[in-house]
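Here is a short report on a single protein chain.

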Amino acid sequence: MNKQVALVLNEKVAETIKPLIKGMPIWIVETQENAAFIDELRQRSGNVITTFPSRNGESKTDLAERIIYTLDEHHDAHSQDDPYDTLLVFGLTLAKSKKNAFLDLGFSKFEQTDFGFIARKLE
């Protein structure tokens, strides 16, 4: 069974992602537009929600690269009895990602999706 974590880089989260992230830990960029969505998730779901700021002028590509190392530290085998092996990345295409950063963390299988991409760690 795979354990999934969501990384949401969208400045404004659409309702369509709610079913995709149900029950998994979520890392989501802090924006005014996302504030209500974050509050709702914290009140109504069993999700663990972690927020993080973007830096002024920072691209989603650079933001993802900066955050995934911290995300990995919180959800890998050194921190969790049941570590994650799948990362759902919302708001960034695989083509625009810095794939080497994901490879450095042990991700080896990638799948483009309508919302961004999925990265998997394979044994």
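Which side chain has a polar atom 3.4 Å from the backbone nitrogen of Phe117? The side chain belongs to Thr113.

## Basis of the model

This is a predicted model: local features need pLDDT of at least 70, side-chain atom pairs count only at pLDDT 80 or more, and totals for chains, interfaces and linings use all residues. Residues are numbered from 1 along each chain as its sequence is written, and side-chain values use heavy atoms, with hydrogens and water left out.

## Thr113 in its loop

Thr113 sits in the loop between strand E5 (107-112) and strand E6 (116-121). Helices (H or I, at least four residues) and strands (E, at least two) are DSSP runs, numbered from the N terminus. Thr113 counts as buried because its relative accessibility is 16%. Buried means under 20% relative accessible area, exposed means over 50%, and partly exposed lies in between (1.4 Å probe, protein chains only).

The Thr113 side chain also has a polar atom 3.3 Å from the backbone nitrogen of Phe115. A polar contact is a pair of N or O atoms within 3.5 Å; within protein, one must be able to donate a hydrogen and the other to accept it, and residues adjacent in sequence count only if both atoms are side-chain atoms.

## Salt bridges

The whole structure holds 7 salt bridges. The term means a side-chain nitrogen of Lys or Arg within 4 Å of a carboxyl oxygen of Asp or Glu. One of them joins Lys18 and Glu40, at 2.5 Å from N to O. This pair links distant parts of the chain, 22 residues apart. Lys18 is in the loop between strand E1 (4-8) and strand E2 (26-29), while Glu40 is in helix H1 (residues 32-44). Lys18 is partly exposed at 22% relative accessibility. Glu40 is partly exposed at 27%.

Asp62 forms a salt bridge with Lys98, and the closest N and O atoms are 2.8 Å apart. Asp62 lies in helix H2 (residues 60-75) and Lys98 in the loop between strand E4 (86-90) and helix H3 (99-104), so the pair ties together parts that are 36 residues apart in sequence. Glu65 meets Lys98 as well, at 3.2 Å from N to O. Glu65 is in helix H2, 33 residues from Lys98. Through shared partners, salt bridges join Asp62, Glu65 and Lys98 into one network. How exposed are these three? Asp62 is partly exposed at 33%, Glu65 is partly exposed at 28%, and Lys98 is partly exposed at 36%.

## Aromatic rings

Rings of Phe, Tyr and Trp (its six-membered ring) pair if their centres lie within 6.5 Å; planes under 30 degrees apart count as stacked, over 60 as edge-to-face and the rest as tilted. The count comes to 5 aromatic pairs. In one of them, Phe102 and Phe107 have ring centres 6.0 Å apart and planes at 65°, so the pair is edge-to-face. Both Phe102 and Phe107 are buried. Phe102 also pairs with Phe110: the centres are 6.5 Å apart and the planes at 90°, so this pair is edge-to-face. Phe110 is buried.

One aromatic cluster is formed by Tyr84, Phe102, Phe107, Phe110 and Phe117. Phe107 has a charged neighbour too: Lys121 lies over the face of its ring, 5.1 Å from the ring centre. A charge sits over a ring if NZ of Lys or CZ of Arg is within 6 Å of the ring centre and within 35 degrees of the ring normal.
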